[in-house]
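Here's a quick briefing on the charged side chains in this model. Have the structure open while you go through it.

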Amino acid sequence: MVTEQVTALLNNIYETGNIPADISKSIFIALPKKPGTVECEHHRTISLMSHITKILLRVIMMRVRNKIKPEIAAEQSGFVEGKGTTNAVFTLRVLIERALEVQKDVYLCFIDYTKAFDRVRHDEITKELTYLHIDGKDLRIIKNMYWEQTAAMRVEGEVSSFQKIKRGVRQGCVLFPDLFSLYSEVIMRHIEDYPGIKVGGHNINNLRYADDTVVIAENESDLQKLLDVVYSESQKKGLELNSKKTEVMVISRKANSLAVNVTVNKNKLTQRENFKYLGTLISSDGRSDTEIQARIAQAKTTFQKMKSILTNPYVSIQTRKRVLECYIEPILMYGSEA
């Protein structure tokens, strides 16, 4: 009976395009990126929405995904079925290894966007979906859901008043991964023909995992050109590169480390000897020794914290083994495929 009522409601919404106010409402909660932080920028927001809204959006997602999926380049590993962070890390390490084998240096820029998901423009999303010839009714639902949405913040049990949201994709919305992937894809298409690192006849000048982007070149001048285009096109789409957190690195086997002078909006970027990319440490010598040592140290620290459980004779060996496999082993083995 309930299923029939929900089906009738959703069919009515789909046919008319009229979305009830309750369905377009969502509540945002802030999750800290670091334990105990009180700074706003060190939190990410997740939207909580009704189950009816999720069902409606999942149906729309399955209808539009077939048209969005072919638009996403192979360089994108985020929100892609069958891919994850390990794919991006592995690809980057292989690129570095191949370049060093033929005595080539690798110039990397790890791009950081300021609140990327919150700066997506709704009119630009609509434009791209229209260009893909998304079904009119599906597009109307997406447009009405995003243009008419209202949201409130919940902090320590208290909920603020509901306000209209004029931009951004909601983290927690089932549609947001596909919409953001398409949005960022439009930006990166402008650097397709720029030189990067060639492997097996393929030119690769960027790798992405959602908004975590690394731009790749063989020299400083090519890297600067790539960054100039990415910065310019990102600005057009409302995305802002954070020059304080965007950092560069030169990977080389040469005895003396190479200095790189690359700028974004006239701000010189910081050069690093090591950079943590998607949870793994990339070193300027192209080797994994530092990362392996760091993995062992992190696993050892976690083991010490849980020692009271792992060495407790009153806890069964099977339970202790499961705790070890759940909490210690993933830390030690993360990225080991690369």
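Glu218 is partly exposed, at 30% relative accessible area (buried means under 20%, exposed over 50%, partly exposed in between, with a 1.4 Å probe and protein chains only). Its partner is Lys104: the two side chains meet in a salt bridge, 3.3 Å from N to O. A salt bridge here is a side-chain nitrogen of Lys or Arg within 4 Å of a carboxyl oxygen of Asp or Glu.

Some housekeeping: this is a predicted model, where local features need pLDDT of at least 70 and side-chain atom pairs count only at pLDDT 80 or more, while totals for chains, interfaces and linings use all residues. Residues are numbered from 1 along each chain as its sequence is written, and side-chain values use heavy atoms, with hydrogens and water left out.

**Salt bridges across the chain**

- By the 4 Å rule, the count comes to 13 salt bridges.
- The Lys104–Glu218 pair links distant parts of the chain, 114 residues apart: Lys104 sits in the loop between α3 (85–101) and β3 (106–111), and Glu218 in the loop between β10 (212–217) and α7 (220–236). Helices (H or I, at least four residues) and strands (E, at least two) are DSSP runs, numbered from the N terminus.
- Lys104 is partly exposed too, at 38% relative accessibility.
- Asp105 pairs with Lys254, their closest N and O atoms being 3.1 Å apart. That pair spans 149 residues, with Asp105 in the loop between α3 and β3 and Lys254 in the loop between β11 (247–251) and β12 (263–264).
- Asp105 is buried, with a relative accessible area of 12%.
- Arg272 and Glu247 form a salt bridge at 3.0 Å, N to O. They are 25 residues apart: Arg272 is in the loop between β14 (270–271) and β15 (274–277), and Glu247 is in strand β11.
- Arg272 is partly exposed at 37% relative accessibility, whereas Glu247 is buried at 11%.

**A salt-bridge network**

- Glu124, Lys127, Glu128 and Lys237 are linked in a network of salt bridges.

**A positive patch**

- Lys33, Lys34, Arg44, Lys115 and Lys245 form a positive surface patch. Patches are made of residues with over 30% relative accessible area and no salt bridge, with like charges joined within 9 Å and nonpolar side chains (Val, Leu, Ile, Met, Phe, Trp, Tyr) within 5 Å.
- Lys33 lies in the loop between β1 (25–32) and β2 (43–49).
- Lys33 is partly exposed, with a relative accessible area of 47%.

Conventions. Areas by Shrake-Rupley, 256 points an atom, 1.4 Å probe, with all protein chains shown as cover. Lys, Arg positive; Asp, Glu negative; His and termini not counted. Charge placed at Lys NZ, Arg CZ, Asp CG, Glu CD.
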